[in-house]
Amino acid sequence: MAAGVAAWLPFARAAAIGWMPVASAPMPPPPREKRRGQDGLIILNVSGTRFQTWRNTLERYPDTLLGSTERDFFFHEETNEYFFDRDPDIFRHILNFYRTGKLHYPRHECISAYDEELAFFGIIPEIIGDCCYEEYKDRRRENAERIQDDEENENSKDMVLPEMSFRETMWRAFENPHTSTMALVFYYVTGFFIAVSVMANVVETVPCGSGPNRAKEVSCGERYALAFFCLDTACVMIFTVEYLLRLIAAPSRYKFVKSVMSIIDVVAIMPYYIGLVMTDNEDVSGAFVTLRVFRVFRIFKFSRHSAGLRILGYTLKSCASELGFLLFSLTMAIIIFATVMFYAEKGSSASKFTSIPAAFWYTIVTMTTLGYGDMVPKTIIGKVFGSICSLSGVLVIALPVPVIVSNFSRIYHQSQRAEKRRAQKKTRLARIRATKSGGANAYLQYKRNGMLAEAEEEASKQAGQALVCKSNPTFETQHHHLLHCLEKTTNHEFVDEQTYETSCMEVSLSKPSMSRSSSLSSSPHGLSSCCTRRNKRKSFNVPNSNMVAGRRGSIQELSTIQIRERPMSNSRSSLNAKFEETVPLNSEDQSYITAAVISMPTPPMTTPEGENSASSPDFLQSNIVRVSAL
Amino acid sequence: MSAPVKRTQWDEDPTLFRKDHGLSKKVLLNCCLVRWIISWASPNKKDSVEDELELSAVRHRPEALELLEAQTRFSRKELQILYRGFKNECPSGVVNEDTFKEIYAQFFPQGDASTYAHFLFNAFDTDHNGSVSFEDFVMGLSILLRGTVQEKLNWAFNLYDINKDGYITKEEMLDIIKSIYDMMGKCTYPILKEETPRQHVEIFFQKMDKNRDGVVTIDEFIDCCQNDENIMRSMQLFENVI
């Protein structure tokens with residue numbers, strides 16, 4: 001809840017008078033107001049720049065440095081102000097957070113400096129407003145990557161650790177050629193041989209002038225057959241050796257065999273071996289010839305050497321849907337026009353449009369504006385449709401192509417950004433949901449220990465414990481009183497989702513009324529002592545004891561709930577809360593404990609204290625910052 | 001301080017303009033036809049421009065502090081605190097119904113507070129101009145927090161009487177009660193049943209409607225509430241909210 005809305009709480013409470021005449025039950029007494037009339041101006045001197053604000057503004061977030069008594073450490077008696085030796089520019093945003101309830105991230109600031117300031121003032125970065133959250137996360141990730149790269153560079157600069165096995169060294173050499181001289185040499189040699197092999201394939205087919213005893217021209221491949229064969233053999237030798245070495249060095253052989261590059265390697269060298277095996281069989285020599293075509297795939301081996309080629313392949317893959325759509329629409333248009341042309345030209349004599357598939361060729365050539373002229377319509381209607389075909393061809397093909405081209409660059413960048421945003425969206429939605437449930441759960445927690453808080457507070461004061469005083473009725477307590485009034489008006493109680501579902505199941509199964517004895521298990525662990533004293537108080541009976549699942553099941557639930565609600569970072573309150581096992585925690589702290597607490601089955605009344613104190617640290621660990629609960 | 005600029009003035013002007021323009025029936029028709037054609041061709045442009053103009057023009061400055069001090073029962077300091085909070089949340093100086101609903105909904109995250117907020121808005125918006133200015137806000141609060149019991153009960157009656165005709169009918173009461181139950185949401189104990197609001201209304205009417213004529217008048221209401229201890233006590237509950 002934004003801090004600004006806190007200003008409307010008096011209004012909401014006043015409006016509650018509208019419920020009074022229709023209330024079904026008497027209203028609860030209001031929380032005691034304390035420390036009234038202490039609203040004064042506070043001067044904050046941050047490295048010379050003076051900021052002033054109301055005391056109440058700062059105390060909206062008692063979980064931070066400025067909102068708690070921690071700021072007293074920075075009080076400067078001579079000038080009667082609070083002095084902080086920090087960056088005033090960044091402090092401006094921090095102070096705005098208190099004023100507006102939203103934390104913004106300034107784009108021109110360095111991310112690590114900002115993080116440091118936030119940490120100093122005890123503010124959790126996760127509460128940055130949605131407007132700036134993406135930017136913040138992006139910068140943070142870049143920074144983390146940069147740090148990681150630096151570390152990797154440092155590590156790689158060191159000499160290869162002797163613990164690395166020969167196999168691992170080899171794999172590393174293959175993947176990163178610049179790690180050692182040997183790898184670099186190998187890299188260049190294979191590159192050279194790929195080029196040589198491809199060139200040989202090309203030159204093989206060039207006519208080389210007529211031989212001494214022959215009439216017609218022969219290709220170079222036939223003239224210098226032996227030379228080309230030796231060259232081919234050498235290249236294939238190198239490629240085979242390289243492939244086998246890679247196969248040996250690969251950490252996961254199965255994965256390596258499945259990868260695209262290895263398939264290209266295999267396809268590049270297989271024709272040679274197949275050719276070796278099949279030279280004497282005349283019948284299959286025709287097939288053998290076609291196999292030689294596959295030798296041209298050696299050119300794809302270059303993609304290991306060129307990053308650009310890899311990027312192109314990746315973007316083609318990611319553009320597959322657009323390409324597919326282009327193909328599909330083209331096919332549709334081709335079929336339509338081919339059919340039309342065929343039937344239009346059916347009448348004319350000696351027409352080349354012998355069938356619809358024959359007309360496909362004409363349509364494709366016309367639509368791509370090639371116009372070879374080997375097939376032309378002769379009838380008038382054929383010519384009319386032919387011209388419509390060529391015009392629409394321009395539209396159908398020329399329009400999507402630039403779109404796809406721009407898609408390449410856009411999709412490439414966008415896919416990276418989309419991933420980021422999707423990940424952030426999940427966490428953002430989780431935060432919103434958590435805030436909502438946190439508010440509701442905080443109230444349920446208040447119900448259980450709200451009345452007890454005041455009594456406990458006095459007890460603790462008598463015990464002389466000097467703790468961070470957090471039990472002043474702030475916005476939270478007043479809000480909870482308001483919700484309590486609503487409950488009394490309607491004579492229904494707020495419960496959390498789990499309990500509601502159980503009671504729904506109950507109603508459908510029509511079970512008898514719940515057992516009162518296990519109501520004790522609902523008590524939060526931190527208040528074990530007071531709850532045993534007050535177990536007569538049935539008014540706060542939340543029927544979470546009616547878990548249909550057995551004990552073991554509930555413990556399972558507990559662990560899953562705990563895991564699900566892992567904290568993002570330790571808040572100040574959670575650190576303090578570790579000590580305060582017998583003092584009532586402020587309802588704010590336990591906003592997320594509630595869900596976990598409910599499902600934990602404690603053995604009723606046997607040893608509540610022992611168990612509770614043992615397991616409470618676990619609960620306190622799973623605190624999430626309650627700042628966002630407001 | 002200058003007088004507050006009320007939205008009603010802007011509402012009136014376009015009609016005046018239109019009236020002056022109609023010289024002869026034919027001219028009027030042509031004008032309308034042309035305008036209709038233009039508006040059909042560019043459907044939303046005109047409205048959006050007008051909307052933008054309206055939004056930017058709504059900037060309300062409240063009455064002077066002394067005046068408000070005299071009219072309400074708040075002290076100067078209290079008014080200052082109230083206005084600061086109000087202005088923080090609504091920089092333009094007025095709250096329209098949507099903002100009002102949003103703000104109120106933040107206090108009841110589990111349920112749907114929009115219907116009750118609607119009734120509340122109508123109760124606060126005493127001059128029924130569609131927005132709650134700071135004066136309306138502070139007047140309402142003054143009654144609720146510093147008023148006599150009579151005034152508070154009056155205010156509550158005004159809230160329940162949706163059509164402001166001086167009688168609370170069963171339908172009006174049912175609407176109000178339903179909206180209150182809506183605020184609870186669905187996760188309640190015991191589970192909210194369909195007939196619970198109706199039963200609640202019956203109980204209310206049995207208590208309040210003395211002459212059994214099916215409606216509750218202001219006198220019946222005040223009489224009955226004054227005789228009910230619980231209600232009297234709860235009226236004093238929020239004395240020290242500010």
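Biologist: Which side chain meets that of E135(A) in a salt bridge?

Modeller: This is a predicted model, where local features need pLDDT of at least 70 and side-chain atom pairs count only at pLDDT 80 or more, while totals for chains, interfaces and linings use all residues. Residues are numbered from 1 along each chain as its sequence is written, chains are lettered from A and ligands numbered from 1 in the order in which they are written, and side-chain values use heavy atoms, with hydrogens and water left out. A salt bridge is a side-chain nitrogen of Lys or Arg within 4 Å of a carboxyl oxygen of Asp or Glu. At 3.2 Å from N to O, the partner of E135(A) is R107(A).

Biologist: How many residues apart are E135(A) and R107(A)?

Modeller: E135(A) belongs to helix 5 (residues 130-157) of chain A; helices (H or I, at least four residues) and strands (E, at least two) are DSSP runs, numbered from the N terminus. R107(A) sits in the loop between helix 3 (88-100) and helix 4 (111-120) of chain A. The pair links distant parts of the chain, and the separation is 28 residues.

Biologist: Is R107(A) buried, partly exposed or exposed?

Modeller: Buried means under 20% relative accessible area, exposed over 50%, and partly exposed in between (1.4 Å probe, protein chains only). E135(A), with 22%, falls in the middle class. R107(A) has a relative accessible area of 47%, so this residue is partly exposed.

Biologist: Why are E242(A) and R246(A) separated by about one helical turn?

Modeller: Their side chains meet in a salt bridge of 3.0 Å, N to O. E242(A) counts as buried at 4% relative accessibility, and R246(A) does too at 6%. Both lie in helix 9 (residues 225-249) of chain A, and the separation is about one turn because their spacing along that helix is four residues.

Biologist: With which residue does E242(A) form a salt bridge whose closest N and O atoms are 3.5 Å apart?

Modeller: This partner lies in the loop between helix 12 and helix 13 of chain A, so the pair ties together parts that are 59 residues apart in sequence. The partner is K301(A).

Biologist: Which residues are linked with E204(A) in a network of salt bridges?

Modeller: Side chains of opposite charge can pair when their charged atoms come close. Over all chains, the structure holds 19 salt bridges. The network joins E204(A) to D232(A), R295(A) and R298(A).

Biologist: With which residues is S197(A) in contact, leaving aside its neighbours within four places in sequence?

Modeller: S197(A) is part of helix 7 (residues 181-203) of chain A. Its relative accessible area is 3%, so S197(A) is buried. Contact means heavy atoms within 4.5 Å, and the partners of S197(A) are C235(A), F239(A) and R298(A).

Biologist: About how many Å² does the nonpolar surface patch of V293(A), F294(A), V296(A), F297(A), I299(A) and F300(A) make?

Modeller: Patches are made of residues with over 30% relative accessible area and no salt bridge; like charges are joined within 9 Å, nonpolar side chains (Val, Leu, Ile, Met, Phe, Trp, Tyr) within 5 Å. One member, V296(A), is in the loop between helix 12 (285-291) and helix 13 (307-318) of chain A, and is partly exposed at 48%. Accessible areas come from the Shrake-Rupley method with a 1.4 Å probe; for residues, only the protein chains shown count as cover. The patch comes to about 520 Å².

Biologist: How many of the 13 residues of helix 8 of chain B are buried?

Modeller: This helix covers residues 134-146. Its buried residues include F134(B), V138(B) and L145(B), and they pack against helix 1 (9-15) of chain A as well as several elements of chain B, among them helix 5 (76-89). Helix 8 is largely enclosed by the rest of the structure, because the buried count is ten.

Biologist: About how many Å² do chain A and chain B bury between them?

Modeller: The size of an interface is often given as the accessible area lost when the parts come together. Buried area is the accessible area (1.4 Å probe) that two parts lose on being put together, summed over both. Here 56 residues of chain A are in contact with 56 residues of chain B, and the count of salt bridges between the two chains is zero. Carbon and sulfur atoms hold 72% of the buried area, which is about 4900 Å².

Methods:
The expected span of a helix is 1.5 Å times one less than its number of residues.
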